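Please open the model in your viewer, colour the chain by secondary structure, and keep a selection tool at hand. The tour below moves from the overall fold to single side chains.

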Amino acid sequence: MSQRLELWEMNTTPDGMGGTTESPNKVGDLWGNINPVTGNERWDVESLKGVISHTVRIRYYEGITSENWFEYKGDKYYVRYPLDEGMEHTYMKIAVTSEQNAES
């Protein structure tokens, strides 16, 4: 795990006038690896949650949902499907969509 990734979420706060304001909130820094999805893996993962461009592998981190995103070197990777590898709470493999693919 050689890439330092930032984990983000949207924070909703009351605006004092009966509405809410959303702002990005950095959850923390995690070490992991971002890898492009290839051939058969793309087919398997996309059948679960739409267009997937990369996978992120990190040590297990409780609470990651499709509301989170990772940032690495200025690029955003939106969480689509977090998986607990082997259901052992040791590592996670997370299907993500890069910012370019999320906009199309």
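Two strands count as paired if DSSP finds at least two bridges between them, and the strands themselves are DSSP runs (E, at least two residues) numbered from the N terminus. This is a predicted model, in which local features need pLDDT of at least 70 and side-chain atom pairs count only at pLDDT 80 or more, while totals for chains, interfaces and linings use all residues. Residues are numbered from 1 along each chain as its sequence is written, and side-chain values use heavy atoms, with hydrogens and water left out.

**The barrel**

Begin with the whole chain in cartoon view, where six strands close into a barrel in the order β1-β2-β3-β6-β5-β4, with antiparallel pairing. From one strand to the next the twist averages 45°, an angle taken between the N-to-C directions of axes that are lines fitted to C-alpha atoms, on a scale from 0 to 180 degrees. Next select β1 together with strand β4 (residues 69–72): these two run antiparallel and are joined by three bridges. Showing side chains here brings up W8, which stands opposite W69 in β4.

**Around W31**

Now move to strand β2 (residues 20–36) and select W31, which has its place there. Which residues does W31 contact, leaving aside its neighbours within four places in sequence? With contact meaning heavy atoms within 4.5 Å, the partners of W31 are M1, S2, Q3, R4, R57, I58 and R59. If you draw a distance between the C-alpha atoms of W31 and R59, the separation is 7.7 Å, although the two residues lie 28 residues apart along the chain.

**The salt bridges**

How many salt bridges does a search of the whole structure find? The search finds four, a salt bridge being a side-chain nitrogen of Lys or Arg within 4 Å of a carboxyl oxygen of Asp or Glu.

Select E6 and K26, whose side chains meet in a salt bridge at 3.5 Å, N to O. This pair links distant parts of the chain, with E6 in strand β1 (residues 3–14) and K26 in strand β2, 20 residues apart. For accessibility, buried means under 20% relative accessible area, exposed over 50%, and partly exposed in between, with a 1.4 Å probe and protein chains only. On that scale E6 is partly exposed at 24%, and K26 is partly exposed at 35%, as is D29 at 35%.

Then select E85 and R57, which form a salt bridge whose closest N and O atoms are 3.0 Å apart. Here too distant parts of the chain are linked: E85 belongs to the loop between β5 (75–84) and β6 (91–98), R57 to strand β3 (residues 54–59), and the two are 28 residues apart. E85 counts as partly exposed at 27% relative accessibility, and R57 is partly exposed at 32%.

**Two loop residues with positive phi**

Select K73 in the loop between β4 and β5: K73 is not a glycine, yet its phi is positive, about 50°, and the residue is exposed, with a relative accessible area of 72%. Last, select H89 in the loop between β5 and β6, another residue other than glycine with a positive phi, in this case near 55°.

Key: Helices (H or I, at least four residues) and strands (E, at least two) are DSSP runs, numbered from the N terminus.
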